[in-house]
Amino acid sequence: MPERSDTGSTTVPDQPAAGSTPPPEGEQHLSRQLSNRHIQLIAIGGAIGTGLFMGSGKTISLAGPSVIFVYMIIGVMLFFVMRAMGELLLSNLRYKSFADFAADLLGPWAGFFTGWTYWFCWIVTGIADVIAISGYVSYWWHDLPLWIPALAAVILLIALNLPTVKAFGETEFWFALIKIVAIVALIVVGLVMVFGHFQAPGGAAASFSNLWNDGGFFPTGPMGFVAGFQIATFAFVGIELVGTTAAEAENPERNLPKAINSIPVRVMLFYVVALIVIISVTPWREISADRSPFVVMFTLAGLGFAASVINFVVLTSAASSANSGIYSTSRMVYGLAREGDAPARFGRLTSRKVPANALLLSGVFLLAGVVMVAMDNSIIEAFTLVTTVSAVLFIFVWSIILISYLVYRKRRPHLHEASKFKMPGGIVMCYVVLAFFAFLIWALTQEPDTLRALLVTPVWFAILGIAWAGLRRRPRHVAREAAFRSELDGAQQD
């Protein structure tokens, strides 16, 4: 009995799983050009998103200092999702993304829904990033129409992804490095301001006591704390990005665990410590919901030039996030095309092993961000709408990862026993995190703006359902479903 059904035609057969069948001679494949440093920095870049730089101001205004606990809780929960994903990917090296193992373990429908939803996740996230880029550019050119930098960003992102995947890896490496340097600089400058007893023009003194001297850690009450989860969740989208690099990673058995295990350290340093410093320098009530607190802190310090530099850094952070999104969506659409779940033209590679057609498809959809900022000059309102839709869709993808893990533990216990990268807490933690996701969905219903976006989201799944109802009748999909049912029946008999 093979360990998986024939749902992995997007894979590279350098280390096939037991019982798998090598692909035809001469078939095109993605190229393994992402080194350990690329994977590590892509993982960091995925964990440090636009939500931290752009959305943390609104999160602080909603939750006060309790925002620190919000980010810590979300980070811990998503660490277990990443560990489940890591164990699944390494249980069969012919899996090249979570869409692969979802299709294998839950059925072809799951690969279709997960792949296309993840594509849409990053399209929506990319739109949010394009909107954020427009806002950051307006820091220097107030009178410039917002659609101009948005359009320029989309064109640049497509150009950055058309060369080899190694070129993407290098670009993302330096983008992520800029983010790291900026956050470390913010932490250092903020600590100097705190220990130097800096006093703002409004009279507020920088002190760690700002964390609790205005209503305590939960000044807005339980519902304010709950509201903090709405925007904060978006800050973590992309944390699973390392799972889409598996097909192009050198030595995934070594590099993926290293990247995943570093997530807790990244969350503590880049989110928790940075937010502690920001709130210590500027009392939480004085932090604007529609401005980046990173830029504001350097402006307060009287470092006008530094504030411009940080604005440039957060602009590159948004560009980095969108760049990662273009990369991941193009690979996901490429995989879907190879499975017959997308038009065949999107499964073609250039001579440099880049899925250019899939890349251009994603780039075209990012133009929606240009339209949104052209129609509505309210950056934060547009940002809140698209980030909520994105967060709900990512919660779906993360849940599919956990449900796939539960099925894997039931159907393939021997692979779990042999795993060198077991998920801590296993089945119990899966249910804990799924319950947490249910809480997040409930939290999104508590504010009018996020509720509006939440109510729009089911339209996407309705569209996918209609598409799948037609697609599943095709001979290729009928054969895939039959192969899946045959393997499932064999596993139950065993």
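Predicted model: local features only at pLDDT ≥ 70, side-chain atom pairs only at ≥ 80, totals over all residues.
Reply: Residues are numbered from 1 along each chain as its sequence is written. Local features need pLDDT of at least 70, side-chain atom pairs count only at pLDDT 80 or more, totals for chains, interfaces and linings use all residues, and side-chain values use heavy atoms, with hydrogens and water left out.

Me: Where is confidence lowest and highest?

Reply: Lowest in helix α1 (residues 36-47), at a mean of 62, and highest in helix α17 (residues 426-444), at 93. Helices here are DSSP runs of H or I, at least four residues, numbered from the N terminus.

Me: OK, on to α9. Where is its kink centred?

Reply: On F229, with a kink of about 25°. The bend is the angle between axes fitted to the seven residues ending there and the seven starting there.

Me: New topic: what lines the second largest cavity?

Reply: I278, T282, E286, I287, S288, R291, P293, V296 and M297. A cavity is a set of points on a 1 Å grid over the protein atoms alone where a 1.4 Å probe fits but cannot get out, and lining residues have an atom within 4 Å of a point.

Me: Which helix gives the largest share of that lining?

Reply: Helix α12 (residues 293-300), with three residues.

Note on methods
pLDDT = per-residue confidence, 0-100. Helix = DSSP H or I, 4+ residues; strand = E, 2+ residues; numbered from the N terminus. 1 Å grid on protein atoms, 1.4 Å probe; cavity = no way out; pocket = protein on both sides within 12 Å on 5 of 7 lines; lining within 4 Å.
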